[in-house]
Amino acid sequence: MSSKAEDRLALHGSGAVYWHKLASEVRRDRWLYVLLAPGVIYFLVFKYLPMFGIVIAFENYVPFTGVLGSEWVGTKWFNSFFGFPAWTTYLANTLILSVMNLVFYFPAPIILALMLNEMRLQRYKRLLQTMLYVPHFISIVIVVSITFVMFGPSGIVYKATESVLGYPIKYMGSPDTFRWMIIGQTIWKETGWGTIIFLAALTNVDTQLYEAAMVDGAGRIRRLWHITLPAIRSTIVLMLILRMGSMLDTGYDHLILMANAMNRKASQTLDVFVYQQGIQSGQFSYASAIGLMKSIVSVTLVVSSNKIAHLLGEQGLY
Amino acid sequence: MKKLVSLILAAMMLLSMAGIAAAEEPFEITVMVPEFTLDVDYVEENNPVLQAIEEATGVKLKMLFMSNEGYGDNVNTTLTENNPPMVMAVTDARDPSIINSARAGAFWDLTDFIADKDNYPYLAAGAPAVYQNIAIDGRIYGIFRSRAFPRAGIYYRLDIAKEVGFDREVKTIDDLTELAEKLAGYSNDTYALNMCSYYAGTINVITVAMGAPNNWGIDENGNIYPAHKSPAYLEGLNWLRHLYEIGGIDPNFATIPTSEWDNIERTGKAFMRFDCLDNTHRQQEWFENNAGVTEQVFQSVGPIAKADGSITVWPQNNGFAGEILINKKGVSEEDLPKVVKFLDWCNGPEGQTILNAGLEGLTYWVNEDGYRYVPEDKIDEAGMNSKMYVHDMNQLGMGVPGNLENPPASVNRGVTALRERYNQLNIELAPYAVADPCFPLISQTAVDYGAQLSPILTDAAAQYISGIISEDELRGEWERWGETGGDKMTAEYNEAYHASIAQ
């Protein structure tokens, strides 16, 4: 039996002792509690308190009557969404984009981090790293504009493919290319930034392991496979679990900026739906209900993937 | 001690009550409107315009200007306030949140005031059709901000048309086709028709000219049906598809932002546009001021006949742009008549002149013919005064009984001919204008899923025009629209329409 469980048993035995002990511990660590207070208050005020606003998902919220005065409609908005014939399209678009993101974008920072790790010249490596972070700080609006200039019908890439293939590829004007463009832009913008956490994990690898492996005659690939990758495995799993939590998040700004009459079909995801209902139509309750549903699915995905990680012998998220 | 305090308090109360009784405070009205003038701040203190309004009406006007960017969001948050402005301009009268708020009782019902000709003559003089258009469940909550009825139309570059050998007036669809085809052949780098991402308006104009209804029609049995069920709608799309095929439309029209629309004409990239008629003289004005043009280079198209000789032009707009609402939270029942009376004054000759033009000797002068004008040496001063003191008060101007400004504005120089033609066309086209019968009606599906449903139709139309999808696929998309909620919307509009007729 662990000592923790013993403590708990002892405390259950006598309530008075527990409170007394707690009080003396608080007194002893009072400055630590003072340090803790701002964080706790922050989370209470800005994260937990606003959660009461979720009730509008179950109301027909009208600003005039307010949160407390609006009509209670129960699960009307949820029923309404599942009664909307196109909801499966919205869900399918969301999942396709998410899976593509997982398959093509997720490994990109890992591969890039491994490549950076193999670099010999430290000064050049640092310069390269800084340059790789730059795209992250470019607004998505600018990224989309650049894409339009290059891939649009008068753009250099468009013209080049047209002259090579003999026919044009409508990068910006077809539902088939739409998702690839989105994934491509995400990779271009975020890969460099995404390497940070993996590079941090790589610094923890004991250099003696590499030296020993080299003495034993292991080549670069073998060292990568048997030392580097296992060393960052827990970080990869951690990132994967976090990624599961945002399976239903596609963002709406990026998609709305890229969407037009020709490719809109592929851009209709749940986040776009929330934007359309909440901001464009002022249907706050409907938008909140869909947002809430998404959050519940996300929490479920995080918890279950964490469980799976535990079963596979990984440390997981918590 | 306690006694002393209570004595003092009682004395203070008496004094303050006496003070209220002695000097009658002017009635204060707070008004929130969108702000467009961002370069100069509004001046409230010692504002001669406010003083003139107070003198004329006994109302102390307090203007709250909110940037026009995101004004709709501002309106929504204002609705949540406990102490909102008494009067509020709304730019989209059909926003679901406005409809929901009106139904929940957020705004005063003005139906009875508008019927009261004796007390509110100017409000009562408004066109009943427009009042019907802004009604919610048959009740009128807002005073509409009036706009000319037909407004939509076609205009083209007169000089280029002559160059390609078209030198007569456009009177039939065939004329229009010939003109468009000739313009398309002008050069490889230019297009005949100027289209952008707001191509839904372009499609609306051409399909209505072909005989299709304006968004929604009424069939011979008195039932509502969507425009695409009319064969003329497909004819209109085919007309555009043909023009696209012969290179008369920019292949990327669907991705061109609306802000580029004017520039395409100004840089001479396209020569014809289906949009607002009043843009004809605005473009002409631009060419005169920036391109050194002296003669008329733009021409607007009058009524045009179909093959069978009948005329249906153009899609009628709804006669207004937004409305003025009175918040229930800000105005008590006994104060309400005072506020409505003030809005009535805003629509009279005096109110219209002050809100739109300011004051004589401050922002304008009057010439011997009785027209407003600004002398050459006072242009800067008058402009500054206008921005400081009048600012965007014209956003509160409704013009319900039409333009009554006194003295009237002087006629502009230069483009007089085109402006006169515009005024004349407005009268000439009015009998042929096609109204949207569903505008005053409310469908719950349209409120809930309008943002998802309408792109299905417009996207399909764009893809059909560009030759990406065939006619069968276009019909498939129409069917998808129906299944996704369009059929339900049609049924709801029918129900509402029949109920409104029965009344």
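Colleague: How far apart do the C-alpha centres of domain 1 of chain B and domain 2 of chain B lie?
Modeller: The domain bounds come from an automatic or database domain assignment. In chain B, domain 1 covers 26–148 + 319–396 and domain 2 covers 152–315 + 416–502. The distance between their C-alpha centres is 32 Å.

Colleague: Before we go on, what kind of model is this, and how are residues and chains labelled?
Modeller: This is a predicted model, in which local features need pLDDT of at least 70, side-chain atom pairs count only at pLDDT 80 or more, and totals for chains, interfaces and linings use all residues. Residues are numbered from 1 along each chain as its sequence is written, while chains are lettered from A and ligands numbered from 1 in the order in which they are written.

Colleague: Which elements give two or more residues to the side of domain 1 of chain B that touches domain 2 of chain B?
Modeller: Two residues are in contact if their C-beta atoms, placed from the backbone, lie within 7 Å. By that rule, domain 1 of chain B gives seven residues and domain 2 of chain B gives five. Helices (H or I, at least four residues) and strands (E, at least two) are DSSP runs, numbered from the N terminus. On the domain 1 side, the elements with two or more residues are α4 (96–104) and α7 (128–134) of chain B.

Colleague: What is the order of the strands in the open sheet of five strands in chain B?
Modeller: Two strands pair if DSSP finds at least two bridges between them. The pairing in this sheet of chain B is mixed. β2 (59–67) and β4 (142–146) of chain B each have a single partner strand, so one side of each is left without a neighbour in the sheet. The order is β2-β1-β3-β11-β4.

Colleague: In which sense do β1 and β3 of chain B pair?
Modeller: Strands of a sheet pair through backbone hydrogen bonds, either parallel or antiparallel. Val31(B) stands opposite Val87(B) in β3(B). Strand β1 (residues 27–35) and strand β3 (residues 87–90) of chain B are joined over two bridges, and the sense is parallel.

Colleague: Which element gives the largest share of the side of chain B that touches chain A?
Modeller: The contact between the chains takes 30 residues of chain B and 21 residues of chain A. Elements of chain B with two or more residues there are α3 (71–79), α4, α18 (444–465) and α19 (471–502). The largest share, ten residues, comes from α18(B).

Colleague: How far apart do the C-alpha centres of the two domains of chain A lie?
Modeller: Chain A is divided into domain 1 (3–63) and domain 2 (76–311). Their contact takes six residues from domain 1 and six residues from domain 2. The C-alpha centres lie apart by 36 Å.

Colleague: What radius of gyration does chain A have?
Modeller: The radius of gyration is taken over C-alpha atoms, and the globule rule is 2.2 Å times the number of residues to the power 0.38. For 318 residues, a compact globule would come near 20 Å. The C-alpha atoms of chain A fill a box of roughly 85 × 75 × 35 Å along the principal axes. The radius of gyration of chain A is 26 Å.
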